[in-house]
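Visitor: I would like to learn how to read this model. Please take me through it feature by feature.

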Amino acid sequence: MEFYLFGIFLLLFGGYSLFLYIKQILNDKNRVVSAKIKMYRLKICADCEHIRLKNTMYKRCHKCGCFLSAKSKLLNQKCPIDKW
Ligand code: SF4
């Protein structure tokens with residue numbers, strides 16, 4: 001029983017640590033672009049033929065498989081077919 005509870009504790013702790021790490025990356029000004037650039041990128045994606053789930057909040061690129069909301073925000077990302 002204690003082993004089972006310890007496993008749950010590890011899962012929760014790991015999930016929380018991962019959440020904090022991703023939050024830190026997304027808030028790091030050296031790794032993210034401005035809101036203006038993000039909107040510019042998303043506008044291009046919205047007109048692209050490779051976008052999937054276009055009318056949902058989970059828009060994805062069929063070329064690279066990325067979630068576009070996160071991809072468009074990161075400085076080191078680029079469109080796989082060089083649209084942005
Ligand atoms: S990242 Fe590029 S290929 Fe993917 S949906 Fe956006 S514009 Fe299209």
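Visitor: How far apart do the C-alpha centres of domain 1 and domain 2 lie?

Guide: First, the ground rules. This is a predicted model: local features need pLDDT of at least 70, side-chain atom pairs count only at pLDDT 80 or more, and totals for chains, interfaces and linings use all residues. Numbering starts from 1 along each chain as its sequence is written. Domain bounds come from an automatic or database domain assignment. Here that gives domain 1 (1-31) and domain 2 (32-84). Their C-alpha centres lie 26 Å apart.

Visitor: How many residues of domain 1 are in contact with domain 2?

Guide: Two residues are in contact if their C-beta atoms, placed from the backbone, lie within 7 Å. Four residues of domain 1 meet four residues of domain 2 on that test. The domain 1 side of this contact has one nonpolar, no polar and three charged residues.

Visitor: Which pattern does the chain follow along the sequence?

Guide: Helices (H or I, at least four residues) and strands (E, at least two) are DSSP runs, numbered from the N terminus. The chain has three helices and two strands, in the order α-α-β-β-α. Its radius of gyration, taken over C-alpha atoms, is 17 Å, well over the 12 Å from the globule rule (2.2 Å times the number of residues to the power 0.38) for 84 residues, so the chain is more spread out than a compact globule.

Visitor: What span does helix 1 reach?

Guide: The expected span is 1.5 Å times one less than the number of residues. Helix 1 (residues 2-27) has 26 residues and reaches 37 Å from first C-alpha to last, close to the expected 38 Å.

Visitor: How many residues of helix 1 are buried?

Guide: Count other C-beta atoms, placed from the backbone, within 10 Å of a residue's own: 20 or more is buried, 12 or fewer exposed, in between partly exposed. For helix 1 the count of buried residues is zero. Across the chain, buried residues make up 6% of the 84.

Visitor: Which residues are around the ligand?

Guide: A residue is near a molecule if its C-beta atom, placed from the backbone, lies within 6 Å of it. The shell is I44, C45, C48, H50, I51, C61, K63, C79, P80, I81 and K83. By class, that shell has eight nonpolar, one polar and two charged residues.

Definitions and conventions: Nonpolar A, V, L, I, M, F, W, Y, C, P; charged D, E, K, R; others polar.
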